[in-house]
Amino acid sequence: MARTPHSGKHFRVHRIGPGVWSAIAEDGGYALCNAAIIDLGGRTVVFDSMLTPMAGAELALAARHCTGRAADFVVNSHWHGDHIRGNASFAPASVISTERTRRLIDTRGRRQWAGDRRTMGAALRGVDAPDSEIPPAERALYRGWFEGTLAVPAGFEPRSPDITFSRELSIHGSRRTLRLISYGGGHSPSDVFAYLPEEGVVFLGDLLSVGLHPSAGDGVPADWADMLRRIRGLGVDVALPGHGPVGGPDDLRRLESYLRSLDRAARSAVRASRSVAELRSSRIPAAFRDWKFSAFYAENLVRSYRLASTGVRPRR
Ligand SMILES: [Zn+2]
């Protein structure tokens, strides 16, 4: 087995256990999100297909290199473009998601793609503009995101999943089984994570980010926090996030406390009749102040505030 199976422009591959590799997105590359390659024994599974068909093609090669066979299945953790636009690069592998995620890819996913193509030229120019609010240390990441989107060949459309489920689906290989589980929506309207029970390895998509603020704009932070607690209860030793380096149970705990603090701050702001503008100028709690994507904090708080003011409660 190769020690350094693949290092390309878009991501770096690391072995995180026997037959399990993480593909960690490189700042400035066209992957944006992390992915995993899992050898089940006679079956190769790729978890999340990245932002662009170019990164997807590199990931398909890496999967072949690591496991000695082409991917049989690709899993989409949720509908967001940075996790699904590499799908087409894995043909003839089947793409799996929840039923809800498939519908969202076919509706919001296609609209998001068309919108990104229109707006990302200006967004790219803004990254290094004199009035740019993006911290210098984060600019390479944004450049890769916007440049990658613009570099996708004309005529590209996101490929829909072929196989759908709602709560749980297992993929069995000759050596082990990968469980795909959905507890509903947390980060997005429908999130899937993958779990190797014997190894305690969990692949979380955007249900986890490590060292950077998550994006809660399409989610329900209180439900998301409940979900993380439930996932920890399964027994987790290693956790692959959608963004940031490989983590563990403490990172799940940390994000859970971030999401609960958002929810608390939003509810107290609603009770105190604070305005959205006041909320936007809130200071980031000290525990999360060194996380990247700091601009997401205010957006996340506003999302929680809107949910709290319309009376949405966590689903139990
Ligand atoms: Zn996402």
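Begin by selecting helix α1, where P53, M54, A55, G56, E58, L59, A60, A62, A63, C66 and T67 are buried; keep in mind, as you look, that this is a predicted model. Those residues make α1 a mostly covered helix, with 11 of its 15 residues buried. The helix takes in residues 53-67 and reaches 21 Å from its first C-alpha to its last, which is close to the 21 Å expected.

You can see α1 lying across β1, β2, β3 and β4, and it runs at about 30 degrees to β3. Just past the end of α1, select G68, which takes a positive phi of about 80 degrees.

Next, show the strands, 7 of which form an open sheet with mixed pairing, in the order β1-β2-β3-β4-β5-β6-β7. At the edges are β1 and β7 (163-165), each of which pairs on one side only.

Finally, turn to helix α3 (residues 99-127), which packs with α4 at an angle of about 145 degrees, the axes being 9 Å apart, in a left-handed crossing. To see the contact, select residues including M120, L124 and V127 of α3 together with Y142, F146 and L150 of α4; by class, the contact has 7 nonpolar, 2 polar and 5 charged residues. Helix α3 also lies across β6 (94-98) and β7, running at about 105 degrees to β6.

How values were computed
Residues are numbered from 1 along each chain as its sequence is written. This is a predicted model: local features need pLDDT of at least 70, side-chain atom pairs count only at pLDDT 80 or more; totals for chains, interfaces and linings use all residues. Helices (H or I, at least four residues) and strands (E, at least two) are DSSP runs, numbered from the N terminus. The expected span of a helix is 1.5 Å times one less than its number of residues. A residue is buried if 20 or more other C-beta atoms lie within 10 Å of its own, exposed if 12 or fewer, and partly exposed in between; C-beta atoms are placed from the backbone. Axes are lines fitted to C-alpha atoms, for helices over the stretch in contact, and angles run from 0 to 180 degrees between N-to-C directions. A crossing is left-handed if the near helix is turned anticlockwise from the far one by less than a right angle, and right-handed if clockwise. Two residues are in contact if their C-beta atoms, placed from the backbone, lie within 7 Å. Ala, Val, Leu, Ile, Met, Phe, Trp, Tyr, Cys and Pro count as nonpolar, Asp, Glu, Lys and Arg as charged, and the others, Gly among them, as polar. Two strands pair if DSSP finds at least two bridges between them.
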